[in-house]
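Thanks for asking me to look this one over. Here are my notes, in the order in which I would walk through them with you at the screen.

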Amino acid sequence: MSTFLMQAAPNGSTSMAPTFLLVGIPGLSAVPSWWTIPFIAVYLLSVLGNSTILWIIALEPTLHCPMYFFLFLLSVSDVGLATALMPTLLGLALADAHVVPASACLLQMFFVHVFSIMESSVLLAMALDRALAICHPLRYPMLLTNDVIGKIGLAIAFRCLGLHLPLPFLLAHMPYCHPQVLTHSYCLHPDMVRLACPGAWGAVYSLFVVLSAMGLDPLVICFSYGLIGRVMQGLRSSENRRKAGQTCAAHLSAVFLFYVPMILLALIDRLRVPIPRPAHTLLSYVHFLLPPLINPILYSIKLKEIRERILKRLLPRKVDCGSMRRIPLHL
């Protein structure tokens with residue numbers, strides 16, 4: 001274990017060692033390498049699905065509206081999150097590389113949490129967008145103008161980058177009281193902060209940044225859907241209720257897919273629930289890898305505009321032979 005600790009300081013703490021040890025799922029080194037195929041397939045399908053969403057929204061002028069702008073950002077965050085996880089995942093799977101340089105670990109931690117907070121922020125913006133569209137349909141175009149959408153995009157960028165940029169530097173200079181052994185297959189902020197000495201002020205800032213997003217966003221989303229539910233109950237037409245519910249179905253599915261595994265992981269860690277380590281690791285895989293895979297499928301199925309334009313771009317146009325004029329042949 002001394003490999004992962006530097007020389008101890010007089011107060012018993014240490015500075016950050018040059019490497020971290022990733023535990024991942026114990027015993028996988030004895031498993032045949034073909035088990036990595038599902039991880040690679042999930043990543044490639046995630047990139048393909050989200051790239052299709054990005055391509056369709058970018059090419060179709062009719063989709064240049066607030067809802068699809070946020071869907072565009074959601075696909076960007078999904079591709080970024082899946083890509084940020086792959087280096088250490090594939091390193092463990094293909095080369096049994098458990099030792100990761102500290103600089104690479106901090107870099108991965110930064111991008112994983114930037115894209116995670118970006119996804120959470122976009123889901124929050126989409127919930128507010130749906131609440132305004134359903135609760136104030138007549139004022140909706142005046143409330144969400146291009147100027148307002150641009151400011152929301154800048155706020156999301158600042159929240160992801162500005163607040164998280166200090167985290168790698170704070171973690172690199174905090175005193176550590178525990179061996180630098182991480183329990184997951186990738187470098188995550190909660191794992192790294194847990195190794196710091198109690199009372200480190202950098203850990204307090206780090207926890208504030210993460211919890212301010214992951215704790216606040218689900219509450220605001222729930223509040224938004226409370227307003228939507230109250231308005232839907234007052235709709236007399238069942239057809240209007242169906243249309244309103246259909247516009248929210250894909251977003252609600254994405255919200256549950258993203259937050260439920262995250263909340264379960266937080267409760268398991270906080271309450272110290274004794275579950276097997278492989279089950280805990282698999283739940284983290286579900287939290288990080290399943291939304292990028294499922295979100296494009298959800299939005300392609302639930303949103304008629306996306307589905308129709310994908311089919312229009314991918315399927316060749318059929319030629320109506322019956323409508324073609326016959327040209328007489330003169331001998």
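1. A word on terms before we begin: helices here are DSSP runs of H or I with at least four residues, numbered from the N terminus. In that scheme, Glu 305 belongs to helix α12. Please keep in mind that this is a predicted model.

2. For the overall picture, the protein chain contains 12 helices and three strands. Of its 331 residues, 45% are buried. Looking at contacts with a separation of 6 or more, 76% join residues 24 or more positions apart.

3. Helix α11 covers residues 277–302 and helix α12 covers residues 304–314; their axes come within 5 Å and cross at roughly 95°. Angles of 65 to 115 degrees count as roughly perpendicular, and α11 and α12 are therefore roughly perpendicular to each other. On the α11 side the contact involves Tyr 299, Ser 300, Ile 301 and Lys 302, while α12 contributes Lys 304, Ile 306, Arg 307 and Ile 310. By type, these residues are four nonpolar, one polar and three charged.

4. A polar atom of its side chain lies 2.6 Å from the backbone oxygen of Pro 296. Setting aside neighbours within four places in sequence, Ser 300 touches Ile 53 as well as Ile 306, Arg 307 and Ile 310.

5. What does helix α1 pack against? Its buried residues pack against α2 (66–95), α11 and α12. Those buried residues are Phe 39, Ser 46, Gly 49, Asn 50, Ile 53, Leu 54, Ile 56 and Ile 57. Helix α1 itself runs over residues 37–59, which is 23 residues, and spans 33 Å from its first C-alpha to its last, close to the 33 Å expected at 1.5 Å a residue.

6. Back to Glu 305: is this residue buried or exposed, or in between? Its relative accessible area is 36%. Buried means under 20% and exposed means over 50%, so Glu 305 counts as partly exposed.

7. Which residues does Glu 305 touch, not counting those up to four places away in sequence? They are Leu 63 and Tyr 68. With Tyr 68 there is a polar contact between the two side chains, at 3.0 Å. Glu 305 and Tyr 68 are 237 residues apart in sequence, yet their C-alpha atoms are 10.0 Å apart in space.

Terms used: Residues numbered from 1 in each chain as written. Predicted model: local features only at pLDDT ≥ 70, side-chain atom pairs only at ≥ 80, totals over all residues. Heavy atoms only, no water. Axes fitted to C-alpha atoms, helices over the stretch in contact; angles between N-to-C directions. Helix = DSSP H or I, 4+ residues; strand = E, 2+ residues; numbered from the N terminus. Parallel < 35°, antiparallel > 145°, perpendicular 65-115°, else oblique. Contact = heavy atoms within 4.5 Å. Nonpolar A, V, L, I, M, F, W, Y, C, P; charged D, E, K, R; others polar. Buried < 20%, exposed > 50% of the residue type's maximum accessible area, 1.4 Å probe, protein only. Polar contact = N/O pair within 3.5 Å; in protein donor to acceptor, adjacent residues only side chain to side chain. Expected span 1.5 Å × (residues − 1).
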